Amino acid sequence: MVLTYIIIGIGSVYTSILPNLIIDGIKEALRTSRGKTIYYCNSMTEMGETDGFSVQSHVNAIHRQLGYQFIDGVVYATDTVPEEVMARYHKENADQVHLDDSEVSYRLYPCSLLDFSSGMVRHDGARVRDSFIKILEEK
């Protein structure tokens, strides 16, 4: 089977993403695939799990657990979280995930991905879809 793209995400790196990726068959398929792997990074940190994590920290955690680097691109949210929404997350010791100053070996795709209409941070399905369509159109 020839894959052009492998999409990973959106979800909690330790409780949603990694449990699926460390399965032997999946782990091996990712290692040997010629397809480009695009990771959609979580937009908020999670208390006790990803405290203080940046976009790069999320990718590093995945690469460290699998034992090799395979992510070719990372899509991350550039939206500004409204203050009233951020206050709710700060009560749970959560913060928005941002880039840090470290160099990366993968392509970065900054995008507007979020919806705040529920008073919470949520990925907007249409914006996520549109971001991937833009990646596909880059060929």
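Predicted model: local features only at pLDDT ≥ 70, side-chain atom pairs only at ≥ 80, totals over all residues.
At the start of α5, the backbone nitrogen of Ala126 has a side-chain oxygen of Asp124 within 3.1 Å.

**Helix α5.** The helix covers residues 125-137, and its end C-alpha atoms lie 18 Å apart. This agrees with expectation, because 13 residues at 1.5 Å a residue should span 18 Å.

Which residues of α5 are buried? They are Val128, Ser131, Phe132 and Ile135. These residues cover an arc of only 95° around the axis, so they sit on the same side of α5. What do the buried residues of α5 pack against? Their partners are the strands β1 (5-8), β2 (36-40), β3 (73-77), β4 (107-111) and β6 (122-123). On the face turned away from the buried side, α5 carries Lys134 and Glu137, which are exposed.

**Strand β2 and its neighbours.** One of the strands that α5 packs against, β2, deserves a visit of its own. In β2, 4 of the 5 residues are buried, so the strand is largely enclosed by the rest of the structure. Its pairings with β1 and β3 are set out here.

| Strand pair | Sense | Bridges |
|---|---|---|
| β1 and β2 | parallel | 4 bridges |
| β2 and β3 | parallel | 3 bridges |

Ile7 has Ile38 of β2 as its bridge partner, while Tyr39 is partnered by Val74 of β3. How does the chain cross from β2 to β3? The path runs through helix α3 (residues 55-66), and this β-α-β crossover is right-handed.

**Residue Val13.** Our last stop is in helix α1 (residues 13-21), where Val13 is found. Is Val13 buried or exposed? Its relative accessible area is 0%, which means that Val13 is buried.

Leaving aside residues up to four places away in sequence, Val13 touches Leu18, Pro19, Tyr39, Glu49, Thr50, His58 and Ile62. Tyr39, in that list of contacts, is also the bridge partner of Val74 in β3. How far apart are Val13 and Glu46 in sequence and in space? They are 33 residues apart along the chain, and their C-alpha atoms are 9.7 Å apart.

Technical notes. Residues numbered from 1 in each chain as written. Heavy atoms only, no water. Helix = DSSP H or I, 4+ residues; strand = E, 2+ residues; numbered from the N terminus. Expected span 1.5 Å × (residues − 1). Buried < 20%, exposed > 50% of the residue type's maximum accessible area, 1.4 Å probe, protein only. Arc of directions from axis to C-beta. Contact = heavy atoms within 4.5 Å. Polar contact = N/O pair within 3.5 Å; in protein donor to acceptor, adjacent residues only side chain to side chain. Pairing = 2+ DSSP bridges. Right-handed = clockwise from strand over helix to strand, strands pointing away.
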